[in-house]
Amino acid sequence: MSELGEWHCEKRPFPKNESFTKVHETVSETGSLSIIVLGASGDLAKKKTFPALFNLYRQGFLPSNEVHIFGYARTKISDEELRDRIRGYLPKGKEGTQDVSNFLHLIKYVSGAYDAPEGFQALDKAISEYEISINSAEGSSRRLFYLALPPSVYPQVCKMIKNYSMNRSDLVGWTRVVVEKPFGKDLASAEELSSQIGELFEEPQIYRIDHYLGKELVQNLLVLRFANRFFLPLWNRDNVDNVQIVFREDFGTEGRGGYFDQYGIIRDIIQNHLLQVLCLVAMEKPVSLTPEHIRDEKVKVLQSVVPIKDEEVVLGQYEGYKDDPTVPDNSNTPTFASVILHIHNERWEGVPFILKAGKALGSRKADIRVQLKNVPGDIFKCQNQGRNEIVIRLQPSEAIYMKLTVKQPGLEMSTAQSELDLSYRQRYQGVVIPEAYERLILDTIKGDQQHFVRRDELKAAWEIFTPLLHRIDNGEVKSLPYKPGSRGPAEADELLEKAGYVQTHGYLWIPPTLA
Ligand SMILES: NC(=O)C1=CN([C@@H]2O[C@H](COP(=O)(O)OP(=O)(O)OC[C@H]3O[C@@H](n4cnc5c(N)ncnc54)[C@H](OP(=O)(O)O)[C@@H]3O)[C@@H](O)[C@H]2O)C=CC1
Ligand SMILES: O=C1O[C@H](COP(=O)(O)O)[C@@H](O)[C@H](O)[C@H]1O
């Protein structure tokens, strides 16, 4: 403590487990690497894909003597115009703007339709010219196609890639295809899409991205659960009363109303991002850390989820959502949903998993809250103050904290709610947490599918939500209105209480700030 009585946090070294790192490092490949962003004119490309590529470039993962980036879309623009669209979204570092312009010069743009052989032949020609220019040996090229496109065009685009633009040789190099969510609208459409793409590419070539799997604290879940003795005996129905996985955004659909109204919050967030998090929270320990062993366990959890009951669902739509001219006046599309899932297995029978997501709410955050049961034989009479909780704050202010009861410091023997707090900003000062897309694109280049969704996993995820989604689409389950900036419909809090969640009144976790 300083003389002023304030705490100072020393920067500490972080010893790493090198053997773990080595297991996961794939053999580094050389030769030309072409990254092709299809839908380069779009929102995702400029806000996420290109900035993620830029961050990888800046850290030396995309050396300019090996990597070239191609944008492809229908919009007729020049290389320079595409670069101008992207420029403003690239984070500026200490190095100034030089690395931004160096990066932008790696990007070339090809315009063409998504079903036009000529367009994909022109793309192939541009890629080949670059490959030849760096003397890449015949067939040693690596081609990564990132589909930043509406899923409706995936089949035709994959066909074009397969016929006209993929790496010709299977001997050296590869072709990989990254596809974005939402992958389908329900079980039948997702399966159809999977079959169409599956006829063109092998499963190891298909990377179904779910960017929540690239978030730091989501990636920490397996380590937290399976590398710590603390949690092993607690993580089950004997100790856990309920689990909440919550996503909140403090803004509405903002310019994406047309897309959003076709999908709704369950397809946009819950069926993919939150369900993936649930898998990692609930799965059994995998045999090893290989992608297939991990994904096998995730599939088992999904297959153990029992059908959703309408009385365990609350839907909401924020007031003003339908003011967007691209949203129909009679839309029932939920912008908020709270859904209780039950997992029928030995570990989780009877423990509700409450998945909640909403747009235009009072705050932006995502967390996992594991609430434990009451302490038996409460000699301190402190039960009403609150229950123990393990909270994993995914964003913002990444943290893991354990809410617990302590003696209130002082002369009296009274109890209070407090926390054991691992706040990343404080503990890992100076450490930059990578963006999810950055990490996942790097995984794709390395050929590591651990953090991508396998076909059977996707199928099992759609099986859970399809019946409910069809009832919503048919207007059988209605969305309740809620005020923008609120917590969502009051009925969602009532559902939470019915599920057994006990709120700790008067307790608020405040992320620590640095002096
Ligand atoms: N935006 C985001 O924050 C996120 C998006 N995603 C997913 O990423 C993908 C791309 O999203 P986003 O960039 O927002 O989408 P956009 O609506 O911006 O579309 C991307 C590009 O695709 C082309 N395009 C748009 N509509 C059509 C159409 N009907 N038929 C053919 N081409 C079309 C346009 O390019 P052009 O006309 O020049 O060919 C457009 O620039 C989607 O699957 C989305 O769900 C996932 C997570 C977050
Ligand atoms: O996939 C999507 O995610 C974003 C939220 O991502 P985050 O990393 O900022 O939490 C959401 O806004 C969008 O609707 C959805 O399609």
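**Entry 1: ground rules.** I count residues from 1 along each chain as its sequence is written, with chains lettered from A and ligands numbered from 1 in the order in which they are written. Since the model is predicted, local features need pLDDT of at least 70 and side-chain atom pairs count only at pLDDT 80 or more, while totals for chains, interfaces and linings use all residues.

**Entry 2: the open sheet.** In what order do the six strands of the open sheet stand? I read it as β3-β2-β1-β4-β5-β6, with parallel pairing. The edges are β3 (107-111) and β6 (206-208), each of which pairs on one side only. On average, neighbouring strands of this sheet are turned by 20 degrees against each other, direction ignored. For such angles, axes are lines fitted to C-alpha atoms, for helices over the stretch in contact, and angles run from 0 to 180 degrees between N-to-C directions.

A note on terms: strands (E, at least two residues) and helices (H or I, at least four) are DSSP runs, numbered from the N terminus. Two strands pair if DSSP finds at least two bridges between them.

Next I went through some of the pairs. The parallel strands β4 (residues 142-147) and β5 (residues 174-179) are joined by six bridges, and L147 stands opposite V179 in β5. Between β2 and β3, also parallel, I found five bridges; here Y72 has V110 in β3 as its bridge partner. Although β3 is an edge strand, it is mostly covered, with four of its five residues buried. Buried means 20 or more other C-beta atoms within 10 Å of a residue's own, exposed means 12 or fewer, and partly exposed is in between, with C-beta atoms placed from the backbone.

**Entry 3: A73.** I stopped at A73, which belongs to strand β2 (residues 67-73). Is A73 buried or exposed? A73 is buried, because 23 other C-beta atoms lie within 10 Å. Leaving aside neighbours within four places in sequence, A73 is in contact with G39, A40, S41 and S111. Contact here means C-beta atoms, placed from the backbone, within 7 Å of each other. A113 is 40 residues from A73 in sequence, yet their C-alpha atoms are 6.8 Å apart in space.

**Entry 4: A190.** I then turned to helix α7 (residues 187-198), where A190 lies. A190 counts as buried because 22 other C-beta atoms are within 10 Å. Not counting residues up to four places away in sequence, A190 touches F183, G184, L458, K459 and W462. From A190 to P151 I noted 39 residues in sequence and 9.9 Å in space, C-alpha to C-alpha.

Entry 5: Most residues other than glycine have a negative phi, and most peptide bonds are trans. With that in mind, I looked for exceptions.

- The peptide bond from K181 to P182 is cis, with omega near -5 degrees; P182 sits in the loop between β5 and α7.
- Q395 and P396 are also joined by a cis peptide bond, with omega about -15 degrees; P396 is in the loop between β12 (389-395) and β13 (399-407).
- A360, not a glycine, has a positive phi of about 55 degrees. A360 lies in the loop between β10 (352-358) and β11 (365-372), and is buried because it has 25 C-beta neighbours inside 10 Å.
- K381, not a glycine either, has a positive phi of about 50 degrees. K381 is in the loop between β11 and β12, and is exposed, with 8 other C-beta atoms within 10 Å.

Key
Contact = placed C-beta atoms within 7 Å.
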